[in-house]
Amino acid sequence: MVKIYPSLLAADFNNLENEISEIEDIVDGLHMDIMDGSFVPNISFGFPILNSVRKISNLNFDTHLMIKNADSYIDEFSKTSRQLTVHYEAVTHLHRTVSRIKELGCEAGVSLNPHTPVFLLEEILPYLDRVLIMSVNPGFTGQKFIESSYKKIKKLHEMKLKLNPTLDIMVDGGVGENNIAKLYNCGVTSFVVGAGVFHQEDKRAAVLNLRKRAENND
Ligand SMILES: O=C(CO)[C@H](O)[C@H](O)COP(=O)(O)O
């Protein structure tokens, strides 16, 4: 089953409640990009925004911590988000961080920047619920998909079959109607989509079209 998580980074915050209600019943959650202006060259949003969005939606929050020092914040993020993902490149004691996320009752994910090879996850993979492959350099919506991501996802899928068959492989960055079927065939199970949903006139039709294209191999 294809899972689709629209990324709030691309949403219109002046019209947020309407934009979310348009797609609420057909998506698997909202992807929340937490950016600190240090690990990534952008600043997005934090606890007050997540708490506000929680008041207008019961959707699952898939929260992606693009921050240094994630250990200091995961307890607080676990209050609104059931899925927490940290960056391999930003966390020193990854096993400890992943264990803490699970102790908090959340699903634990690790994200890789485009230059980071998947083999580095071999030891931690059995402990994870999710690996998030960044298919753009993180920081901004609307960037071009990096083509070498296909090969990387195929390698991760091979590791998944050997080490953790229930692993969720998520991709984020430049995903749209032209590449979603190919990504699904490479082994992606969850898709984060920003501009491909929130920058479209009909957001509901965009989500349905993405799901259909992946499932029909179109
Ligand atoms: O993490 C991200 C960028 O760093 C975001 O999830 C981004 O919103 C993806 O947007 P798009 O689908 O437009 O590339």
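**View 1. Histidine 31 in strand 2 of the predicted model.** Histidine 31 belongs to strand 2 (residues 30-35), where strands (E, at least two residues) and helices (H or I, at least four) are DSSP runs numbered from the N terminus. This is a predicted model, in which local features need pLDDT of at least 70 and side-chain atom pairs count only at pLDDT 80 or more, while totals for chains, interfaces and linings use all residues. Residues are numbered from 1 along each chain as its sequence is written. Histidine 31 is buried, with 28 other C-beta atoms within 10 Å; a residue is buried if 20 or more other C-beta atoms, placed from the backbone, lie within 10 Å of its own, exposed if 12 or fewer, and partly exposed in between. Beyond its neighbours within four places in sequence, histidine 31 has contacts that include Tyr5, Asp62, His64 and Val192, a contact being two C-beta atoms, placed from the backbone, within 7 Å.

**View 2. The annotated binding site.** The unreviewed UniProt entry carries the annotation "binding site" for His31, Asp33, His64 and Asp172. These residues span 142 residues in sequence, yet no two of their C-alpha atoms are more than 10.6 Å apart, so they gather at one spot. UniProt positions follow the numbering used here, feature names are shortened, and annotations may be inferred rather than shown by experiment. Histidine 64, in strand 3 (residues 61-66), counts as buried with 29 C-beta neighbours inside 10 Å, and among the residues it touches are His31, Asp33, Ser111 and Leu132.

**View 3. The two aspartates annotated as active site.** In the unreviewed UniProt entry, "active site" covers Asp33 and Asp172. Aspartate 33 lies in strand 2 and is buried, with 24 C-beta neighbours inside 10 Å, its contacts including Ser7, Ser44 and His64. Aspartate 172, found in strand 7, is also buried, with 26 other C-beta atoms within 10 Å, and touches Leu132, Met134, Ser135 and Val192, not counting residues up to four places away in sequence.

View 4. The strands are ordered 1-8-7-6-5-4-3-2 with parallel pairing, two strands being paired if DSSP finds at least two bridges between them. Strand 1 (3-6) and strand 2 stand at the edges, each with a single partner strand, so one side of each is left without a neighbour in the sheet. Strand 4 (residues 83-87) and strand 5 (residues 107-112) run parallel and are joined by five bridges, and the bridge partner of histidine 87 in strand 5 is serine 111.
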